[in-house]
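Me: I'm new to this structure and would like to learn how to read it. Can we go through it one feature at a time?

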Amino acid sequence: MLRDKLRYDANDTPPLYMSVSLAFMHVLLVFDAIIFIPNVLGKTAGVPPETLAFITFGTVLISAVFTFLQSRAKFGIGCGFVMFTGSYSAFLLCSVDAVKMGGLPLLASMTLLTVPVVFLYTFFIRFFRHIITPAVGGVVVLLIGTAMVPISLGLWAGPDTGDMAVTLTRLGIGAVTILVLTLLMLFGSARLRMWSPLIAMAAGYGAALAAGEAHFEHTARAAWFGLPEFSAWPGIELDLKASHLPLLMAFAMGMVASMIESTGNIMLVQQISTRNFRRVSYDQVQSGLYCDGLSKAAAGLFGTAVPSLYCDNLPLIEMTGVASRRVGTCGAGILLVLAFVPKVSGVILDMPGPVIGGFLIVISALLFHAGFGLVAMTKLNNQHGLILGLSLVVGLVAGGKSFFPGVVPASMSPLLQNSVAMGGFTAFILSTLAYLAPKRGINGVFKADVAELDGVQRLLAGGRGRLDLSDEAFNVLSLCCEEVFCHMVAGGSEGGARTLTLRVSRTDEGYFTEMVCGHMMDDINNFALPESLLQATSQELNQLGLVLFSQYARDVKHLEISGYSYISFVV
């Protein structure tokens, strides 16, 4: 997929002034969410002021550190793209319950006990490649977009005061923000589109100032510089009881919801941040999830709210055409400043609701575009279409909160009435059941040696009856398997007990074939015909078999995960 409007991709380095300005725009969109749960804990769970200051500081500090790590991708930690970290709303009520039951130490213990779920999933992610696919990630992103619409409208409209003049004023401020942003994105030049978010927010802020709707309570109260009392660290609860088991299950469900959503977010940021995007890199997904798991562990040690990865700000990349990881690095630096300078945090918190609400309306629209893009990457059959459709419907029903009201326990409502969590759970469970359902098929393991081609042919010949292969289908399947086998064998280094696994199963679309080996190789889709066969090099001639393969195989995919290569196709 070619990103024609991407001025700077993840590996490019835009000017520093541009990186800082755009990073500030990203932070404006996510900062409220970053400190959301610590603020709720302070208001509803009776957390002492000095302890609240400590956990708020810890939340912003963790967000800064792990946003930086996500943008770097060093030592297998971080996805290498602009991904911000902050507190996650799916843990809201179970976090409040934990604090009410045993204080912040119990919240820390629940986080640390359940974070291994994320690490286990990440380590074994190659076994989930047929379950959490780009299409599932796309559905999750679509549900995030639908969940953002009512939040955006709530910020735009504000509390119902019964004053029509106030309502019309807020309506006008949000409309100015949306109109300016939309017109700039539709009709502005490439350079103007890059600055359209900042211009739109400035226009909205100007309208709010003119209408008297801009207030600066947080800014006025906040100190210029401050550090928490480190003696206020809440600690970790070690005296756990059987009564804590339901709470532990709620946190575990939150971790599963978080890892599914984070997987979709990392798939999305790859798609919109790469000029010549060809396929999702599961290695980058894996690295990003390891970083996400470490951020959760750090939050447990700090005794603060459980964080996760955000996609709310990702449409800014498409708006501006700037996906450079330098923006993520600058954003981490801004968050670090916010952790130590409460006055600047106050300025962000004082942004008028209609401005940020109107801006998020456009963000939601762009999330729909991004979600459909991920879904479209996968050729959907009837089974996949039904799974994704049901997941979307379940998510919308759960988010509506009107299905059998009163049935959902209050302690589980943040999860069971969370559209993203329930839609993601549904997609995960149904995809798992579909993958595990019995299918007619054959499989075999061979040495990664061309001499094993006879064994491959014997396996296919022996499975003709089981697969119900006609003569034509058998010949085509044999040809395709032979070409892929030779390609995979040639891609490895000499020596070592290398093996190659072949699996063939019959589906409604045809004969699904997958080959797996434990080494990397060139992308099977990355070949070109030589200009002249008479002057072709030996390497170009070796690719002629792949040209023949491409004429018969459909839905060809090449994945590399944890050092393993997976090539699948349908004939």
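Me: Is the crossing of helix 6 and helix 19 right-handed or left-handed?

Reply: Keep in mind that this is a predicted model. The crossing of helix 6 and helix 19 is right-handed.

Me: What else describes a pair like helix 6 and helix 19?

Reply: Two packed helices are described by the angle between their axes and the distance between the axes. Here, helix 6 (residues 134-157) and helix 19 (residues 419-436) have axes that come within 9 Å and cross at roughly 160°. Angles over 145 degrees count as roughly antiparallel, so helix 6 is roughly antiparallel to helix 19.

Me: Which residues make the contact of helix 6 with helix 19?

Reply: From helix 6 you have Val136, Val140, Leu143, Ile144 and Ala147. Helix 19 brings Ser419, Val420, Gly423, Gly424, Ala427 and Ser431. Sorted by kind, that contact has 7 nonpolar, 4 polar and no charged residues.

Me: Now for another pair: at what angle do the axes of helix 3 and helix 12 cross?

Reply: Use the angle and distance again. The axes of helix 3 (residues 49-72) and helix 12 (residues 282-302) cross at roughly 160° and come within 10 Å. Helix 3 and helix 12 are therefore roughly antiparallel to each other, and their crossing is right-handed. Among the contact residues are Phe54, Gly58 and Leu61 of helix 3, along with Gly288, Cys291 and Asp292 of helix 12. In total, the contact of helix 3 with helix 12 divides into 10 nonpolar, 4 polar and 1 charged.

Me: How should I read a nonpolar core, and which residues touch the most other members in the largest one?

Reply: In soluble globular proteins, nonpolar side chains tend to be buried together. The largest nonpolar core in this model has 126 residues, and those touching the most other members are Leu29, Leu41, Met201, Phe251, Leu268, Met319 and Phe359. Helix 11 (residues 245-273) supplies the largest share, 13 residues. There is also a second, separate core of 33 residues, including Leu459, Leu460, Leu500 and Val504.

Me: What is Leu29 in contact with, leaving aside its neighbours within four places in sequence?

Reply: Leu29 meets Met201, Asn313, Leu316, Ile356, Phe359, Leu360 and Ile363.

Me: Does Glu560 count as buried or exposed?

Reply: Look at relative accessibility, where buried means under 20%. Glu560 has 18%, so it counts as buried. Glu560 sits in strand 6 (residues 554-561). Not counting residues up to four places away in sequence, Glu560 touches Arg279, Tyr282, Asp283, Met520, Met521 and Ser565.

Methods. Residues numbered from 1 in each chain as written. Predicted model: local features only at pLDDT ≥ 70, side-chain atom pairs only at ≥ 80, totals over all residues. Heavy atoms only, no water. Core = buried A, V, L, I, M, F, W, Y, C linked by side-chain atoms within 4.5 Å. Buried < 20%, exposed > 50% of the residue type's maximum accessible area, 1.4 Å probe, protein only. Helix = DSSP H or I, 4+ residues; strand = E, 2+ residues; numbered from the N terminus. Contact = heavy atoms within 4.5 Å. Axes fitted to C-alpha atoms, helices over the stretch in contact; angles between N-to-C directions. Parallel < 35°, antiparallel > 145°, perpendicular 65-115°, else oblique. Left-handed = near helix turned anticlockwise from the far one by under 90°. Nonpolar A, V, L, I, M, F, W, Y, C, P; charged D, E, K, R; others polar.
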